[in-house]
Amino acid sequence: PKLVWAGVALVALALLVLPFALAQVGTTWVRITNYAILYVLLALGLNIVVGFAGLLDLGYIAFYAVGAYVYALLASPQFGLHLPFWAILPIGALVAAFFGVLLGAPTLKLRGDYLAIVTLGFGEIVRIFINNLNAPINITNGPQGISQIDPVRIAGVPLSKPLEIFGLTLPSVYLYYYLFLGLTLLVVFVSIRLEDSRI
């Protein structure tokens with residue numbers, strides 16, 4: 001047990017100092033790591049659907065797109081709304097869950113290739129739909145996407161600007177790294193608990 005905890009502490013320390021080590025090569029590598037962690041988050045969610053539930057869902061990314069667009073619409077000048085990050089997060093999750101129920105209701109009895117085809121079609125429908133929601137009423141700004149999205153703010157501190165803690169200046173790319181890392185650890189914890197649960 002002591003060896004296991006020592007290994008966990010070593011990994012935790014490595015993850016904490018990783019952005020500083022990568023910055024020696026260039027901050028671009030920290031940004032690439034942020035994208036990698038984001039894809040790890042998506043993979044963990046896909047593991048719940050495909051791994052735990054055994055459902056071949058090829059349109060899983062559509063739910064990510066729905067949640068991302070909910071954030072973009074509620075935190076940008078597009079609708080004139082500038083809601084805080086922690087308020088939009090549950091709204092985005094609820095909207096994505098609503099689309100999940102909408103897709104799941106008619107496809108509950110499908111398995112294997114049939115479910116894969118339906119979910120792949122759903123993913124394409126969402127992509128085409130979002131790309132064409134700029135006329136007659138401009139909702140998503142079409143293929144150009146939504147711009148001027150508000151930065152994530154935690155306790156009133158925007159993650160788009162460098163933050164000074166104990167005399168150490170953390171660039172915004174580091175702040176996003178720690179946010180994504182925290183969310184990933186939370187999802188890993190939920191996944192482990194879900195795997196051990198009766199569900």
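This passage describes the fold, packing and surface of one predicted protein model.

The model is predicted, so local features require pLDDT of at least 70 and side-chain atom pairs pLDDT 80 or more, while totals for chains, interfaces and linings use all residues. Residues are numbered from 1 along each chain as its sequence is written, and side-chain values rest on heavy atoms, with hydrogens and water left out.

The protein has six helices and six strands. Both are DSSP runs numbered from the N terminus: helices are H or I with at least four residues, strands are E with at least two. From the N terminus, the order of elements is α-α-α-β-β-α-α-β-β-β-β-α. Along its principal axes, the C-alpha trace spans about 55 × 45 × 30 Å. The accessible surface comes to about 13100 Å², and 72% of it belongs to carbon and sulfur atoms. Areas were computed by the Shrake-Rupley method with a 1.4 Å probe; for residues, only the protein chains shown count as cover.

Of the 199 residues, 28% count as buried. Buried means under 20% relative accessible area, exposed means over 50%, and partly exposed lies in between (1.4 Å probe, protein chains only). Among contacts with a separation of 6 or more, 59% are between residues 24 or more positions apart. A contact means heavy atoms within 4.5 Å.

The largest nonpolar core has 23 residues. Such a core is a set of buried Ala, Val, Leu, Ile, Met, Phe, Trp, Tyr and Cys residues joined through side-chain atoms within 4.5 Å. Tyr 71, Ile 88, Phe 122, Val 126 and Val 152 have the most contacts inside this core. Helices α3, α4 (85–107), α5 (112–131) and α6 each supply at least two of its residues. The most come from α3, which gives six. Neighbours within four places in sequence aside, Ile 88 is in contact with Val 70, Tyr 71, Leu 74, Ala 75 and Leu 83.

Helix α6 covers residues 172–196. Its 25 residues should span 36 Å at 1.5 Å a residue; the end C-alpha atoms are 37 Å apart, which agrees. The expected span is 1.5 Å times one less than the number of residues. Several α6 residues are buried: Val 173, Tyr 174, Leu 175, Tyr 177, Leu 179, Phe 180, Leu 181, Thr 184 and Ser 191. Their cover includes α1 (2–23) and α2 (27–52). Strands β3 (153–154), β4 (157–158), β5 (163–165) and β6 (168–170) are also among the elements that cover them. Leu 16 lies in helix α1. The C-alpha atoms of Leu 16 and Leu 181 are separated by 9.2 Å, although the two residues are 165 residues apart along the chain. Leu 16 is partly exposed, with a relative accessible area of 46%, whereas Leu 181 is buried.

A nonpolar patch on the surface is formed by Leu 46, Val 50, Leu 56, Leu 58 and Leu 120. Together these residues have about 380 Å² of accessible area. Patches are made of residues with over 30% relative accessible area and no salt bridge; like charges are joined within 9 Å, and nonpolar side chains (Val, Leu, Ile, Met, Phe, Trp, Tyr) within 5 Å. Leu 56 sits in the loop between α2 and α3 (61–74). Its relative accessibility is 38%, so Leu 56 counts as partly exposed.

One salt bridge is found in a search of the whole structure. The criterion is a side-chain nitrogen of Lys or Arg within 4 Å of a carboxyl oxygen of Asp or Glu. The side chains of Glu 124 and Arg 127 meet in a salt bridge, with an N to O distance of 2.7 Å. These two residues are three apart in helix α5, so about one helical turn separates Glu 124 from Arg 127. Glu 124 is partly exposed at 36% relative accessible area. Arg 127 is partly exposed at 43%.

Backbone geometry was also examined. Most residues other than glycine have a negative phi, and most peptide bonds are trans. The peptide bond from Ala 135 to Pro 136 is cis, with omega near 0°. Pro 136 is in the loop between α5 and β3. Asn 141 is in the loop between α5 and β3. Asn 141 has a positive phi of about 65° although it is not a glycine, and is partly exposed at 23% relative accessible area. Phe 166, also not a glycine, has a positive phi of about 50°. Phe 166 is found in the loop between β5 and β6 and is exposed, with a relative accessible area of 87%.
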